Amino acid sequence: MNQVKNKPSAGRIIAGCLLAAIIALVAPLMVMTELLSLVMVVLLPSIAVVFLYRWAGKFPALLCAALQMSVAAAYLGTTFMWMTFFMMLMPLVLLFRMEGKPFFAQLRASIAGFGAGVLASVLVLYISYGGNMIERVLLELPAAVRELPAESLRTVSESVSLALGREATVEEFFDLFDQMIERLIPFYQLNLPGLIFSGALVTAVFCAGLNAWMRHRRGLDAPGTYLPLREWALPSSTTGGLLLIVAVSYVMNLLEMKSAETLFYTVYSIAATAFAIQAVTSFARRMHASSLGRGARVFAVIAIVLVCLLGGIGILALYGCASAILGSRGALRQRMKNNGNNSRTGGEE
């Protein structure tokens, strides 16, 4: 299909620019809310940029990216501006450059890009704060929150008022926030790397899938550049690698090696997330094979994803691990298929 025909209308571009401004203004609050909720840090602003790019075109997406960096610099400082760039925006450049490649190549590029972005952000933090950077950043967070627009904090302060059973002033909210950060520092020192890396993995998969799906819906994709969720599966090498690094990090933790506990929780979080994604793809295959209508199948898959994001990832990961090893597209079946192909090839030669 002609790409000119699919060029966004002027009205959609204008609407996209307005949406870009709104997303940029609330982006810091999105990430901060996830951090304070003690859940994996899915980079929602990155997903929003992908949606804008595919829905409204290049200019609104670029505007959203520029505004996100400007807002981060204005309210959180230069360090967090560069973290925003490396962690949330730079990986998208790689993804968009790969969109004509086979889908799994796009997916690998997206995962590599977001992983590298997190590592670059950690380096920026280390350069700015030195050792013990998690504690130092968290102790500075209350001051950064005080710089946010009052309107963006209204919903949060209303939730605090509801929890207290009375009207809470802004200063009361800030005092409670300070106390909460101080108490949560030990938890974050242990779990924050895992929450960030697992969230980056989910973000990378979601961005690649959303970008390919929206291109497919508009008829812009070449054969093989989009695959529905039911066609996804972990390669056998990835399954084996995940199980191996979890086992090694667990042994290191048992031996009480330095920083081994944090390493184990980080590796475990990444592996659990990967296997949970495998579980979602397995359910998608089962839903597709069932007699349920398309709407019911989509609703069921979305419900499973929400369960994963809201704390049910451990159960899903167990199912996903079993699926990755024993399922119809699991490691054992992949090995058998590869061995069979090698035997036939050898026979022909």
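Me: Which residues does I325 touch, leaving out those up to four places away in sequence?
Reply: This is a predicted model, where local features need pLDDT of at least 70, side-chain atom pairs count only at pLDDT 80 or more, and totals for chains, interfaces and linings use all residues. Residues are numbered from 1 along each chain as its sequence is written, and side-chain values use heavy atoms, with hydrogens and water left out. Contact here means heavy atoms within 4.5 Å. On that rule, I325 touches T239, L243, G330, A331 and L332.

Me: How far apart are the C-alpha atoms of I325 and T239?
Reply: I325 sits in helix α11, residues 294-326 (helices are DSSP runs of H or I, at least four residues, numbered from the N terminus). T239 is 86 residues away from I325 along the chain, yet their C-alpha atoms are separated by 7.4 Å.

Me: Why does I325 count as partly exposed?
Reply: Buried means under 20% relative accessible area, exposed over 50%, and partly exposed in between (1.4 Å probe, protein chains only). I325 counts as partly exposed because its relative accessibility is 27%.

Me: Where does α1 bend?
Reply: Helix α1 covers residues 10-36. A bend is the angle between axes fitted to the seven residues ending at a residue and the seven starting there. In α1 that angle is about 45°, and a proline, P28, follows within four residues of the bend, which is at V26.

Me: Which residue with a positive phi follows α1?
Reply: Inside α1, the buried residues include G16, A27 and P28. After the helix comes a residue with phi near 60°, and that is L38.

How values were computed
Helices (H or I, at least four residues) and strands (E, at least two) are DSSP runs, numbered from the N terminus.
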